[in-house]
Amino acid sequence: TAFDALIFGLDDAFGDPVLTKTPIDQKMPLVRGRMFVIGGRPGHGKTTLSLQLAACILKADPTAQVLVASCEMGEPELAVKVISAIDGRDYATSIRRGGDDPLTPVKLAATEEHGVLCRLHLRSTRSMDAVISEAHRIHRERGLTCVLIDYISAFDAPGGAKFDTRTREVGAVSRACKTLAQNLDCVVVAASQLNRASKDSAMPTLRGLRDSGEIEQDADGVLLLHRPDHDSEIEDEQAQLLVAKNRWGELGSIPMSPDLANHRFLWMSSRK
């Protein structure tokens, strides 16, 4: 009955959120068993923001375990972006340029952040089946806090299923993400591309989620990355993280400042 649900079920339905120690905790808490989406136009930094969020979860909770599955980058590339975000230092450029021993600073930084990095599990794949299998393995062995998918429309549907349209295939991946969150009682954060607008400064909306409206339906919360000055030469560029869908709260926005040279965003309230 409704009485039983209120007396006995609220702790499970509205348990303590997974903390990030960012303004997201106040605007849209990441509650276990739910799926959240970070949408961004190509090149705006949705992968960077997603990896930064994974690092924030790990630093906020010394027992957290996070799985990141990416279809675009290999494990070493993902790890370099994460350590750069944590340290606020661009290790990637120095590695690409070579020079006098560029790897030693990275390895020293990795050693200092061992407690965080050893709880961040990386998987380069396009297979949703592989993600689900890996998530269940980590959950059995250590307990899983969060799964991060980058990005949802590039993954193959689970079970090798074939669909007559790309929209339905992406919808199957979206449903698999939601089911994974519910089955493992963890947070699933899925990055999603947004369709390009006629003007890059145009405010993104839920309609812009690429390939399938089912992503919007399945998600319990949607954050859209908005960078109106992305193509300008303004050094002190502004950005916003728009709370476009929040099943259990209000909509709004979170001001940010891109620091993409160091593979991160700065929260305006804590910017130095």
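1. In this predicted model, strand β1 (residues 35-40) is the main contributor to the lining of the largest cavity, giving three residues. The lining consists of Met28, Leu30, Phe36, Val37, Ile38, Leu53, Val189 and Leu223. By class, these are eight nonpolar residues, with no polar and no charged ones. The space inside the largest cavity is about 40 Å³, and a search of the whole structure returns one cavity of 30 Å³ or more.

2. The sheet is open and has nine strands, in the order β3-β2-β4-β5-β1-β6-β7-β8-β9, with mixed pairing. Strands β3 (120-124) and β9 (264-267) form the edges; each has a single partner strand, so one side of each lacks a neighbour in the sheet. From one strand to the next, the twist averages 25°.

3. Leu67 has His121 of β3 as its bridge partner. Helix α5 packs on the sheet with contacts to β2, β3 and β9, and its direction makes about 140° with that of β3.

4. Helix α4 (residues 46-60) and helix α5 (residues 75-87) have axes that come within 9 Å and cross at roughly 65°. The crossing of α4 past α5 is right-handed. On the α4 side the contact is made by Thr48, Leu51, Ala55 and Lys59, and on the α5 side by Leu78, Lys81, Val82 and Ile86. Sorted by class, this contact of α4 with α5 has five nonpolar, one polar and two charged residues.

Definitions and conventions: Residues numbered from 1 in each chain as written. Predicted model: local features only at pLDDT ≥ 70, side-chain atom pairs only at ≥ 80, totals over all residues. Heavy atoms only, no water. Axes fitted to C-alpha atoms, helices over the stretch in contact; angles between N-to-C directions. Helix = DSSP H or I, 4+ residues; strand = E, 2+ residues; numbered from the N terminus. Left-handed = near helix turned anticlockwise from the far one by under 90°. Contact = heavy atoms within 4.5 Å. Nonpolar A, V, L, I, M, F, W, Y, C, P; charged D, E, K, R; others polar. 1 Å grid on protein atoms, 1.4 Å probe; cavity = no way out; pocket = protein on both sides within 12 Å on 5 of 7 lines; lining within 4 Å. Points joined across faces, edges and corners; volume = space filled by probe spheres on them. Pairing = 2+ DSSP bridges.
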